[in-house]
Amino acid sequence: MTPGGPEAGFAADARPTCGSCGVVYDPTAGDPGREVPPGTPFGGLPDYWRCPGCGGPQHGFTVAVPPGGNAMGTRVAALTASYRLIAERDMAGVPICNAALAVEALGFRPHGPGWIGCITAPWFLNAVLIPRDPALWADRRDGDKVEIDLPSGAYRFTAARAGVLGTLAVIALASAMNVFTDQEDARAAAVLALDHLMREPQPAPQSDRPDASNREATKPALSRRSLFGRARR
């Protein structure tokens, strides 16, 4: 499961600003004209809500990062909070969940158009790329594929809309989370998987390099199965 709808993104008392027209959403006032009652946080807005000033999308609203602030940390914290909300609201007691595990963000770092890292939860382990520009993949629907180059090769990520964070790019590394005994076990798997994704391939010794005639045939395929299989060894 991915964080769907507009619950992902901002603190309950945040007053985000539309990047197109400057309109500020005030949660204490809501938007009664669009059937949003006072006291509704930005994260609780219905999917149909758009900027009252210009009609822009929710992912066009941002909260300014203070001078010297950590933009990556702010986005990762927002994503983690959204998954924790899903865990508490929708996934508690669901049989596929491993009750020994918790939502945790691991190893996030800048890469390409955003920040990449891993998220563990009781029901999944994902590699996630959060875009700096929430509108980067706005034309992609949930489930669409996005090819992204990583140090270890090119991977087909899956698009997953996450409210005001925009559309994330995700690789599902594990969904049967009962293979992990505890949070430390899941954390170690996430760190190893991320290390594999972000590691530059090492050139083979000259004697082991294939001839040009069979190089393509011996090139290993990059797949989720092979990636996570290596990560768990």
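Modeller: I begin with contact, which means heavy atoms within 4.5 Å. Helices (H or I, at least four residues) and strands (E, at least two) are DSSP runs, numbered from the N terminus. This is a predicted model, in which local features need pLDDT of at least 70 and side-chain atom pairs count only at pLDDT 80 or more, whereas totals for chains, interfaces and linings use all residues. Residues are numbered from 1 along each chain as its sequence is written, and side-chain values use heavy atoms, with hydrogens and water left out.

Colleague: Which strands do the buried residues of H1 pack against?

Modeller: Those residues pack against strand S3 (104–111), strand S4 (114–121), strand S5 (124–131) and strand S8 (167–174). Buried means under 20% relative accessible area, exposed means over 50%, and partly exposed lies in between, with a 1.4 Å probe and protein chains only. Among the buried residues of H1 are Val76, Leu79, Tyr83, Ile86 and Met91.

Colleague: What span does H1 reach from its first C-alpha to its last, and what span is expected?

Modeller: H1, residues 71–91, has 21 residues and reaches 29 Å, close to the expected 30 Å. The expected span is 1.5 Å times one less than the number of residues. Just after H1, Gly93 takes a positive phi of about 80°.

Colleague: What is the overall pattern of the protein chain?

Modeller: The pattern is β-β-α-β-β-β-β-β-β-α-α-α, with four helices and eight strands. Buried residues account for 40% of the 233 residues.

Colleague: How many strands form the open sheet, and in what order?

Modeller: Six strands form it, in the order S3-S4-S5-S8-S7-S6, with antiparallel pairing. Two strands pair if DSSP finds at least two bridges between them. S3 and S6 are called edge strands: each pairs on one side only. Six bridges link S3 and S4 in the antiparallel sense, and Leu106 has Cys118 in S4 as its bridge partner. S6 and S7 are likewise joined by six bridges and run antiparallel; a hairpin of two residues connects them.

Colleague: Which residues touch the most other members of the largest nonpolar core?

Modeller: A nonpolar core is a set of buried Ala, Val, Leu, Ile, Met, Phe, Trp, Tyr and Cys residues joined through side-chain atoms within 4.5 Å. In the largest, with 27 residues, Leu125, Ile148, Leu150, Phe157, Phe180 and Leu197 touch the most other members. S4, S5, strand S6 (145–150), strand S7 (153–161), S8 and helix H2 (183–197) each supply at least two residues of this core. The largest share, six residues, comes from H2. A second, separate core of 21 residues includes Leu79, Tyr83, Ile86 and Trp123.

Colleague: How do you know whether Glu35 counts as exposed or buried?

Modeller: Glu35 has 69% relative accessibility and therefore counts as exposed. Glu35 is found in the loop between strand S1 (17–18) and strand S2 (61–62). Glu35 has a positive phi of about 60° although it is not a glycine; most residues other than glycine have a negative phi.
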